[in-house]
Amino acid sequence: MAERSDCIFCRIVAGEIPADVVHEDEHTVAFRDLDPKAPVHVLVIPRRHIASISDAADTDAAVMGALLLAARDVAAVEGVAEGGYRLVVNTGAAANQTVHHVHVHVMGGRDMRWPPG
Ligand code: 5GP
Ligand code: ZN
């Protein structure tokens, strides 16, 4: 799906809303969360609008794989790969997904609890 003017993350991809971008590639853009919940808190998103994991099609395999590989690279560049980090993809209402454009939270720099709340 093309950019959606009502989607805040599509507008970040389009450069219409500023963001602290830390990584970009063919399929993804990664930028710091506006309201970080860990010393490292970066969001990795597909350039193309996909509302949630549940809305991904089988033909989105390349972009969905690129999200995880970009998250790997972000963790390395941000210096949390060695100590460990958490990837979170909130999906749907019960998980409190608030932005309906797929995003992988890359969180690190502190100890993570299990299970998450
Ligand atoms: P969700 O709750 O949907 O998994 O996470 C959405 C995340 O997007 C939140 O952590 C929130 O702080 C972040 N966020 C929402 N709007 C913006 C924005 O305009 N810029 C940035 N950098 N992060 C945002
Ligand atoms: Zn979007």
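**Entry 1: fold order.** I read along the sequence and noted the pattern α-β-β-β-α-β-β. That gives two helices and five strands in the chain. A reminder to myself: this is a predicted model.

**Entry 2: overall dimensions.** I looked up the radius of gyration next; it is 14 Å, close to the 13 Å from the globule rule for 117 residues, so the chain is as compact as a globular protein of that length. Along the principal axes, the C-alpha atoms fill a box of roughly 35 × 30 × 25 Å.

**Entry 3: the largest core.** Which residues have the most contacts inside the largest nonpolar core? I found Val42, Val44, Met64, Leu67, Val74 and Val106, in a core of 16 residues. Strand S3 (40-46), helix H2 (61-77) and strand S5 (104-108) each give two or more residues to this core. H2 gives the most, with seven.

**Entry 4: around Val74.** I set aside neighbours within four places in sequence and listed what valine 74 touches: Val22, His23, Ala30, Val42, Val44 and Val106. There is also a second, separate core of nine residues, with Cys10, Ile12, Val29 and Val99 among them.

Entry 5: Of the contacts with a separation of 6 or more, 53% join residues 24 or more positions apart.

**Entry 6: surface and charge.** The chain exposes about 6900 Å², and carbon and sulfur atoms supply 53% of that area. Last, I looked at the charges: 10 are positive and 16 negative, and their mean positions lie 5 Å apart.

Conventions
Residues are numbered from 1 along each chain as its sequence is written. Chains are lettered from A and ligands numbered from 1 in the order in which they are written. This is a predicted model: local features need pLDDT of at least 70, side-chain atom pairs count only at pLDDT 80 or more; totals for chains, interfaces and linings use all residues. Side-chain values use heavy atoms; hydrogens and water are left out. A nonpolar core is a set of buried Ala, Val, Leu, Ile, Met, Phe, Trp, Tyr and Cys residues joined through side-chain atoms within 4.5 Å. Buried means under 20% relative accessible area, exposed over 50%, partly exposed in between (1.4 Å probe, protein chains only). Helices (H or I, at least four residues) and strands (E, at least two) are DSSP runs, numbered from the N terminus. Contact means heavy atoms within 4.5 Å. The radius of gyration is taken over C-alpha atoms; the globule rule is 2.2 Å times the number of residues to the power 0.38. Accessible areas come from the Shrake-Rupley method with a 1.4 Å probe; for residues, only the protein chains shown count as cover. Lys and Arg count as positive and Asp and Glu as negative; His and the chain ends are not counted. The place of a charge is taken as NZ of Lys, CZ of Arg, CG of Asp or CD of Glu.
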